[in-house]
Amino acid sequence: MARIVLSCIVAAFLNACAMMQGVPPAARAELAPQGKLRAAINFGNPILARRAGGEVRGLSIDLSRALAARLGVPLEFVIYESAGNVVFAAPSDAWDVAFVAIDPARGRDMLQSNPYLIIEGAYLVAADSPIKRNEDVDRDGVRIAVGKGSAYDLYLSRNLKHARIVYAPTSPAVTDLFVAQKLDVAAGVKQQLQADAKRLPGLRVLDGRFMVIQQAMATPSGREAGAAYLNTFIEEMKASGIVEQALERDGIQGATLAPPGAAR
């Protein structure tokens with residue numbers, strides 16, 4: 001029996017060593033400085049993460065578990081209800097890795113990998129709205145509901161010249177704010193808005209998209225070795241089929257695998 005127990009311990013150790021192969025010590029130290037991987041999970045984007053029957057599921061969950069296994073450390077989820085709150089927490093050492101859209105404004109406090117996922121941003125309007133095309137939205141008097149601090153907020157704040165933004169606290173709350181305040185447009189993840197249009201009568205999603213979001217992994221600024229390994233990890237996850245398999249398993253629409261990127 002003792003030999004069996006010893007064999008199991010040795011096998012577990014060898015397996016752990018195999019999983020950690022190829023991870024530079026400096027990268028492991030930067031990605032898990034407390035001896036565990038703290039992964040920020042944003043439930044504001046159903047494409048990435050969602051609650052299901054008391055469990056957490058989604059692509060960001062899968063990638064977090066795979067990275068923790070590579071590093072050979074325990075995994076801890078740090079839960080947020082919006083991407084904006086994830087970004088705001090970056091300077092406070094609240095998390096080690098996160099899943100956020102690539103945006104110039106976010107590069108100040110974090111280092112981001114190549115994209116692993118492409119997500120479409122869309123507009124939602126009332127079924128009888130005179131707004132028929134994405135190009136019709138940026139006009140005087142148009143009010144757009146947007147999740148504060150979201151990728152859509154950052155993009156529209158830079159690009160709108162006439163329409164006015166009305167902030168919802170989180171992206172999932174955008175459509176309810178849009179309806180409650182009788183706004184003209186709601187902006188967000190196409191998949192979420194399509195689900196809202198089915199949930200609430202009298203709404204429609206405009207054809208096409210107004211922006212493309214490149215979703216990446218990130219680590220706080222100053223962790224260059226960790227960021228370099230995240231890039232390697234993401235490219236391997238894309239090439240292995242794990243990202244596509246997760247999208248197919250969860251029935252995700254409105255998101256596609258990002259093309260291969262350059263090594264860093």
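An axis here is a line fitted to C-alpha atoms, for helices over the stretch in contact, and an angle is taken between N-to-C directions on a scale from 0 to 180 degrees. The model is a predicted one. Two packed helices are described by the angle between their axes and the distance between the axes. For helix 8 (residues 224–240) and helix 9 (residues 242–249), the axes cross at roughly 60° and come within 4 Å. Angles of 65 to 115 degrees count as roughly perpendicular and those under 35 as roughly parallel; helix 8 and helix 9 are therefore oblique to each other. On the helix 8 side the contact is made by Met 237, Lys 238 and Ser 240, which meet Ile 242, Val 243 and Gln 245 of helix 9. By class, this contact has three nonpolar, two polar and one charged residues.

The largest cavity holds about 150 Å³. It is lined by 17 residues, and Asn 42, Asn 45, Ala 83, Ala 151 and Tyr 152 are the closest to its centre. Strand 5 (98–101), helix 5 (151–159) and strand 12 (211–220) each give two or more residues to this lining, with strand 5 giving the most, three residues. The lining of the largest cavity divides into nine nonpolar, seven polar and one charged residues.

The second largest cavity has a volume of about 40 Å³. Among the residues that line it are Gly 44, Ser 171 and Pro 172. Strand 10 (185–189) and helix 7 (190–199) each supply at least two lining residues, and strand 10 has the largest share, three residues. This lining has five nonpolar, four polar and no charged residues.

Definitions and conventions:
Residues are numbered from 1 along each chain as its sequence is written. This is a predicted model: local features need pLDDT of at least 70, side-chain atom pairs count only at pLDDT 80 or more; totals for chains, interfaces and linings use all residues. Side-chain values use heavy atoms; hydrogens and water are left out. Angles under 35 degrees count as roughly parallel, over 145 as roughly antiparallel, 65 to 115 as roughly perpendicular and the rest as oblique. Contact means heavy atoms within 4.5 Å. Ala, Val, Leu, Ile, Met, Phe, Trp, Tyr, Cys and Pro count as nonpolar, Asp, Glu, Lys and Arg as charged, and the others, Gly among them, as polar. On a 1 Å grid over the protein atoms alone, a cavity is a set of points where a 1.4 Å probe fits but cannot get out, and a pocket is an open set with protein on both sides within 12 Å along at least five of seven lines; lining residues have an atom within 4 Å of a point. Grid points are joined across faces, edges and corners, and a volume is the space filled by probe spheres set on the points.
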